[in-house]
Amino acid sequence: MCGIVGYIGYEQAAPFLLKGLEKLEYRGYDSAGICLNDGQKLVVRKAKGKLQELKELTGYGKNVSGTVGIGHTRWATHGEPSDVNAHPHLSDSCRFAVVHNGIIENYLQLKEYLTSKGMVFRSKTDTEVIAQLIEYYYHGDLIDTVIKVLSKLEGSYALGVISQENPNEIIAVRKESPLIIGLGENENYIASDVPAILAKTRRIYRLENNEIAILRRDGVKIINTDRDEVHKQEEIINWDINAAEKGGYEHFMFKEIMEQPKAIRDTVTPRLKNGRVVLDEISLTPEQLRSFRKINILACGSAYHVGVVAKYVFEKLLRIPVEADLASEFRYRDPIVDEKTLTIVISQSGETADTKEALKEAKRRGSHVISIVNVVGSAIACESDDVIYTWAGPEIAVATTKAYSTQLAVVYLLAIHFAELLGTITEEDYQNYIGELEALPSKIEQILQNEKQVQFLASKLFHSKDVFFIGRNIDYALSLEGSLKLKEISYIHSEAYAAGELKHGTISLIEKGTLVIALATHEPLIAKTISNIQEVQTRGAYVLCLACEDHREVESVAQSTIFIPKACDMMLPSLAVVPLQLFAYYVASLKGCDIDKPRNLAKSVTVE
Ligand code: F6R
């Protein structure tokens, strides 16, 4: 949510700022703006809507001059999307400009105080108080002033600050919201995420909480709030630049669906040595593991859906009760969690506000926290006792695909590993599961080769108004993800239902032509799911069924069928999710939707 970029160097800043913002579009936004110091004053240009508006307003950057500047894409929280609420925000006298990600929780008190001192506010945002506070406390030293202002702020922030008086400096700060510093030759950058600066440099610093970066053309200095210098390790980004680009595909989502075999291989292979799972990242001893009475999984959205699959997997292999909880619910319900509970937190971005706060709540109650995270160095990774990274690479499309798949792969690794430590698995089963895990990428490749069939089905069914996804056991967990994928990008109403639950109310919604997507991969319950298919069919539903290739009998009960290769029950969601992602993708494409950036959604949800 929201994106920050900044540039200081000898070239014109505006074209870089606009390009950088383009790379951050995936985070979700509804307005954008830039501010440059033109040598005499701060010049701000802002526009509601797509970045294209801002590009046209600034003549693609040519109409705004200056070699130092900051830019922002805003996802509205305080104040509606509008030109005036867009960032950067200027102080009263227009001497200071600020871009901000996060939320200032005490902004109303601060605004009241500053208004009583005669300062005039232009916008409805929380961010404007930061620019005004800088102006209010400024006595000639901007760094001291920013430190003073930080002591007044409650909440989360990543900030970029420039001033009219000093065209030779950008000040950047981070607390709870991500911010990186890019290091160039005679130029330096700030950004919310790596793709914004990758065309310029691969050398970065990741700011930690309460670190302040002072960027000049010839170097970057990092200090803490006592003004002591912090010596940080430079990080070299080794992604292929194509990883952050579309690489010939029409949409990031499609590219990321196609990247799943590689992403799973990259996540699993380094953790398998001589046929055994090796998770050096986990600090738990077998004794500690044996002391847990419960596993608690915390996440939001699709990551939560991974948690629901994990509940089936862990309970089957470890025989420990598992609760999968929505992070936003967990944090406010006085949960029963203590040192005898193992908490597993799942997050692609590692910045999701609800997940981060739920993690802190679990830790406060004494729980050991393992997180499964994609973004290295993100807040959730830093707060956890142990972190297992999913090596999915950058995920740009708002709707997750490859991150979901790699999170599942880590769940299987953890389950197999813990089962061995707890002695709840036979050597034969252990070996079988390792074989099944290693085989997943090539089976997904096989499914991807069949994408034309899914495209054809999408072309037949994309006019549907309501869709029900049904399944039993682990297929139910998968139906949650299939349904979310379809509705979030195609805007078709869809619901996920436990197949056995339909007749307790929902079946009254089935009428002639209602699309029901029946997931029937879970072998032990296939006969029951077939009965549920027949129940909806006799009431007029059109049934698209997804099953394993050795269950051809489903062809006689469903109007259309997609077959996937066989695998062990607990890993079938990794295969079955792929046609569901493709179906959502093609339906959204046929409906002309903005697939990579669905309306109202943001890639990393850094507000409650
Ligand atoms: C859906 C989707 C979201 C995220 C959720 C959590 O396609 O991507 O539901 O899964 O917002 O985000 P992370 O994993 O970054 O914590």
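Student: In this predicted model, does Tyr189 count as buried or exposed?
Tutor: The model is predicted, and its values are computed from it. A residue is buried under 20% relative accessible area and exposed over 50%. Because the relative accessibility of Tyr189 is 1%, Tyr189 counts as buried.

Student: What is the relative accessible area of Tyr7?
Tutor: The cut-off for a buried residue is under 20%. Tyr7 is buried, and its relative accessible area is 1%.

Student: How many residues apart are Tyr7 and Tyr189?
Tutor: Tyr7 belongs to strand 1 (residues 3-8), while Tyr189 belongs to strand 10 (residues 188-191). The pair thus links distant parts of the chain, and the two residues are apart by 182 residues.

Student: Why is the pair of Tyr136 and Tyr137 assigned to its class, and which class is that?
Tutor: The ring centres of Tyr136 and Tyr137 are 5.0 Å apart, and their planes meet at 75°. Planes over 60 degrees apart fall in one class, so the pair of Tyr136 and Tyr137 is edge-to-face.

Student: Which of Tyr136 and Tyr137 is buried?
Tutor: Tyr136 has a relative accessible area of 28% and is partly exposed. The limit for burial is under 20%, and the relative accessible area is 19% for the buried residue, Tyr137.

Student: Over which ring does the charged end of Arg276 sit, and over the face of which residue does Arg552 lie?
Tutor: The charged end of Arg276 is 4.0 Å from the centre of the ring of Tyr430. Arg552 is 3.9 Å from the ring centre of the second residue. The names are therefore, under the limit of 6 Å, Tyr430 and Phe563.

Student: What share of the accessible area of the ligand does the protein cover?
Tutor: The ligand is surrounded by 14 residues, the closest including Ser347 and Glu488. Of the 410 Å² of accessible area that the ligand has on its own, the protein covers 90%.

Key
Residues are numbered from 1 along each chain as its sequence is written. This is a predicted model: local features need pLDDT of at least 70, side-chain atom pairs count only at pLDDT 80 or more; totals for chains, interfaces and linings use all residues. Side-chain values use heavy atoms; hydrogens and water are left out. Helices (H or I, at least four residues) and strands (E, at least two) are DSSP runs, numbered from the N terminus. Buried means under 20% relative accessible area, exposed over 50%, partly exposed in between (1.4 Å probe, protein chains only). Rings of Phe, Tyr and Trp (its six-membered ring) pair if their centres lie within 6.5 Å; planes under 30 degrees apart count as stacked, over 60 as edge-to-face and the rest as tilted. A charge sits over a ring if NZ of Lys or CZ of Arg is within 6 Å of the ring centre and within 35 degrees of the ring normal. A residue is near a molecule or strand if one of its heavy atoms lies within 4 Å of it. Accessible areas come from the Shrake-Rupley method with a 1.4 Å probe; for residues, only the protein chains shown count as cover.
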